Amino acid sequence: MNLLISNGRVIDPVNGKEFEADLLTAEGKIKKIGKDIDAGDNCRIIDASGKIVVPGLIDLHVHLREPGFEHKETIASGTRSAARGGFTSVFPMANTDPVVDNASVVEFILSRAREEAAVEIYPVGSITKNLAGEELSEMGAMASKGAKAVSDDGKTVASAAVMRRAMEYAKNFSLSVIAHCEDENLSRGGLMHEGYYSTVLGLPPIPAAAEEIIIARDLILAELTGVHLHIAHVSTSGSVNLIRRAKEKGIKVTAEVTPHHLTLTHSEVKSYNPHTKVNPPLRTQKDITALREGLKNGIIDIVATDHAPHASHEKMAEYEDVPSGISGLETAFAVLYTELVKKSGEFTLLELIEKMTLNPAEIIGIERGTLSMGETANISIIDLDTEWLLTEEEIISKGKNTPYIGKSFYGRPTDVIVQGRVVIEDEELRV
Amino acid sequence: MVLKATSLSKKDLLGLQELKAEEIGLILDTAESMKEILSRKVKKVPALRGKTVINLFYEPSTRTSSSFNLAGKYLSADVMNLSISQSSVHKGESLYDTARTIEAMNADLIVIRHKAAGAPHFLARYLEPGVINAGDGMHEHPTQALLDLFTIRENKGSISGQKVSIVGDISHSRVARSNIWGLKKMGADVTLVAPDTLIPEDIEDMGVKVENRLWAGIESADIVYLLRIQLERQKDALFSTLREYARFYGVNGAVLSELSPDVLIMHPGPMNRGVEVDDKAADSSNSVITEQVTNGLAVRMAIFYLLLGRGGKDEFID
C-alpha cells in the first residue's frame with residue numbers, strides 16, 4: 001500500500017535542506033517529495049503537521065542479546081525498542097552465545113530477523129573466535145552473508161599481533177574493524193571512572209589511560225594496515241585528541257560516542273545507582289565538553305547507543321556485582337535533542353540528525369540515511385514540542401536499566417516506517 | 001550559632017559523609033554517658049529491651065563484630081550474629097533476598113559489614129529497619145571514625161584545630177575515608193602520608209593535604225594515625241617490600257622521640273608490629289590504641305541508643 005506523509009517538516013541531511021512537504025512512499029521506496037501530492041485512492045495517510053520527517057535513525061552499536069541471553073533482550077524486543085526510539089537500522093554486536101564468529105550464526109540472526117524484527121538488522125561478526133582474542137573468525141564467510149564489520153566489542157583484542165593480522169584480514173573482505181579500546185591490565189576490577197567520586201565512594205577505579213592506550217595502539221595499527229578502523233564508545237578528552245591527530249594524518253578512522261557519555265558525569269554514581277554502571281564508565285565534565293566539541297567538528301563522526309539491556313534482577317545487587325550497560329535505544333534521540341539542541345544550542349537539529357543517520361550509513365557503507373527519491377523508505381516522524389517523562393513502565397526493551405528514568409525530554413518519535421511498513425503509529429507499536 | 005542536635009536525622013548510619021557536625025557531636029556526647037556505664041560494676045541497662053539487632057558480617061571480623069555484639073547486650077537488645085562467608089550473587093543467596101528474609105524476621109536494626117562498597121546503601125534502600133555500616137569495601141567505616149573522634153576529643157579536649165596525620169594505604173582504607181570526613185567536619189587539619197601508589201586520585205578535593213615523605217607529613221602533628229599495611233598489596237605493585245615500607249613509612253621509637261611530647265599515636269587495629277608501627281611506639285605512653293577499643297564499645301552503644309532508643313525514657317543516662 002502506498003503511504004503519504006503529509007505536511008511535515010522534511011529534513012534530509014544529504015542536501016542539508018529543511019522544507020514543508022508531503023512525502024509519498026510506494027513499494028518500500030520513497031516515490032515523491034513535494035507540495036500537495038495527490039496520493040489518489042487506496043493510500044494510507046499519516047498527518048505529520050507540526051512534526052519533523054527525517055531518515056530513520058541508524059545505530060552502529062547495539063546488543064540484542066539473541067541468541068543466548070534472551071532473558072535480557074531478544075531480536076523481537078530489541079528491534080521494537082529501536083523502533084520506539086526512531087531507529088530503523090541497527091547493528092547488533094557479536095557477543096552473543098554462541099558468539100557471531102561464523103556464517104551460520106549470522107544466518108541464524110538474519111533468519112530470526114525476517115521472522116521477528118521490527119527494524120533492519122545488520123549483524124556484526126566477531127574479530128576472533130569466541131571473542132578469545134587468539135584465532136581469527138571466519139570473516140570472509142560472514143561478509144558474504146552480509147556482515148559489514150567485525151568487532152570483539154565488550155573486550156579488547158589484547159594482543160597487538162592478533163589485532164594487526166585481524167585488520168589486514170578484515171581489509172581483504174572490505175570489512176570495517178570496530179574496536180572496543182580498554183587496556184584490561186589497567187582497568188581490571190575497575191567499576192567507575194578514576195577521579196574524585198571513585199575515591200570518595202571507594203569503588204575500584206578505571207583510569208582514562210586504559211582507553212587511550214589501546215586507541216593509540218589501534219590507530220598505529222590502522223595506519224600500518226590501511227583498514228577502516230571505527231572506534232567504539234569514545235569516552236575521554238584524551239581519546240578525542242588522539243583521534244583528531246590520526247585524522248589529520250589521514251589515517252582511515254571513524255569514531256562514535258554514546259548519548260550517556262555526552263550527557264552524564266561520574267558524579268551520577270554517588271548513590272551507588274546500579275543504572276550508572278557502564279563500560280567505559282561515565283567520565284568528567286571536561287570529557288563531556290571535549291566529546292561534544294569532537295562530535296560537533298567531526299572528529300567523532302556519529303552517535304551510537306551501545307544499547308546494553310539487562311534483566312531487572314541482574315541490576316538488583318551490590319554495585320560490584322551488577323553487569324555494566326545502559327538500555328539506550330528509546331532515549332537516544334530525545335536525550336540528545338533535549339540537551340544538545342534545545343537546551344544548550346550547541347548543535348543544530350540538522351547536525352544531530354546527520355550524526356544519527358547519514359554519517360553512520362556512509363561510514364559503514366549502506367544505502368540509507370537519506371530521504372532522496374528512489375531510496376528505501378526508512379523514515380521517522382518526530383514530535384519536538386511535547387515534553388514527555390520517561391517511566392520504567394513504558395520502556396519496551398526488556399532492559400529497564402537506564403539512569404534517565406524519571407527525567408523529562410523533548411523529541412519523541414511518533415511514527416516510524418521501515419521499508420515502507422509502518423511499525424510505529426501515533427506512538428503505538430503496529431507490529 | 002550551631003544548633004545542638006537532639007536526634008539523628010536518618011534511620012541509618014551509612015557514612016560520616018552524610019552526617020552533620022552537630023550529629024557527630026551528639027553521638028560523641030551520648031558516648032560519654034555510655035562510657036560511664038561501662039565503668040559500672042553492673043554494666044547492663046534496659047534501654048533497648050525488646051529490640052532486636054542483627055549483625056550481618058560478610059567479611060571476617062573479630063573486633064568490630066564483638067564490639068557491636070557487646071554494645072547491644074549492654075543495652076539489653078537481643079543480638080543475633082550472622083556470619084556469611086559467601087557474598088557473591090553467583091553463589092548462595094543474593095543480598096536482596098537476604099535483606100527480605102531479615103526484614104521478615106522483624107529486626108529493628110541491621111549492622112552490616114560487606115566487601116562491596118555501597119552494600120549497606122543497597123540494604124537501606126530496600127529495608128524498613130535502620131542499617132548501620134560496619135565497613136563496606138574501601139568506602140566507609142563510620143563507627144571506627146566516630147570512636148577515633150571520641151578518643152581524640154577525650155585526650156585533647158577538642159577536635160577542632162588538631163593536626164592529624166594519617167599514614168599508610170589510604171587508597172584501600174575505609175577507615176581513612178570516614179576519618180577524613182569526620183575530622184574535617186569537626187574542624188581538624190588532615191594530612192595524608194603515603195607514597196603516590198597508595199594515594200587515590202583527587203583526594204585533595206576532600207580538603208586534605210598529601211605528603212609523600214613521612215617526616216614532612218608528621219613533624220608538626222598532634223595526632224599520628226597509622227593504618228594497617230596489607231602484605232598482598234605488594235603483589236599489586238603498590239610498594240616493594242614490607243622492609244622498605246617500614247623503613248620509609250613506619251613510625252618507630254626513634255621517630256616518636258622526635259615528635260611533640262604529647263602527640264597521640266592511634267591505630268584501628270589489628271597492628272602489624274614492626275611494619276607500620278613498632279613496639280616502642282605502639283606501647284608508649286603516647287599510644288591510645290587500647291583506649292580506642294573501649295571507646296568503640298561506648299560509641300556503638302551510643303549509636304544503637306540514638307537509632308533505636310529514641311522516644312524512650314532517659315532514666316539510665318541521668
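**View 1. Helix α1 of chain A, a mostly covered stretch.** In this predicted model, helix α1 of chain A spans residues 75–84 and is mostly covered, with nine of its 10 residues buried. Walk along α1(A) and you'll find the buried set: Ile75(A), Ser77(A), Gly78(A), Thr79(A), Arg80(A), Ser81(A), Ala82(A), Ala83(A) and Arg84(A). Buried here goes by neighbour count: 20 or more other C-beta atoms within 10 Å of the residue's own.

**View 2. Where chain A touches chain B.** Chain A puts 18 residues into this contact, and chain B puts in 22 residues. On the chain A side, helix α6 (residues 196–201) gives the largest share, five residues. Sort the chain A side by residue type and you get nine nonpolar, five polar and four charged.

**View 3. Chain B, element by element.** Of the 318 residues in chain B, 48% are buried. Take the contacts in chain B between residues at least 6 apart in sequence, and 75% of them join residues at least 24 apart.

**View 4. The overall dimensions of chain B.** Along the principal axes, the C-alpha atoms of chain B fill a box of roughly 50 × 50 × 40 Å. How does the radius of gyration of chain B fit with a compact globule? A compact globule of 318 residues would come in near 20 Å, and chain B has 19 Å, so the two agree.

Note on methods. Residues numbered from 1 in each chain as written. Chains lettered and ligands numbered in written order. Predicted model: local features only at pLDDT ≥ 70, side-chain atom pairs only at ≥ 80, totals over all residues. Buried ≥ 20, exposed ≤ 12 C-beta atoms within 10 Å, placed from the backbone. Helix = DSSP H or I, 4+ residues; strand = E, 2+ residues; numbered from the N terminus. Contact = placed C-beta atoms within 7 Å. Nonpolar A, V, L, I, M, F, W, Y, C, P; charged D, E, K, R; others polar. Rg over C-alpha atoms; globule rule 2.2 N^0.38 Å.
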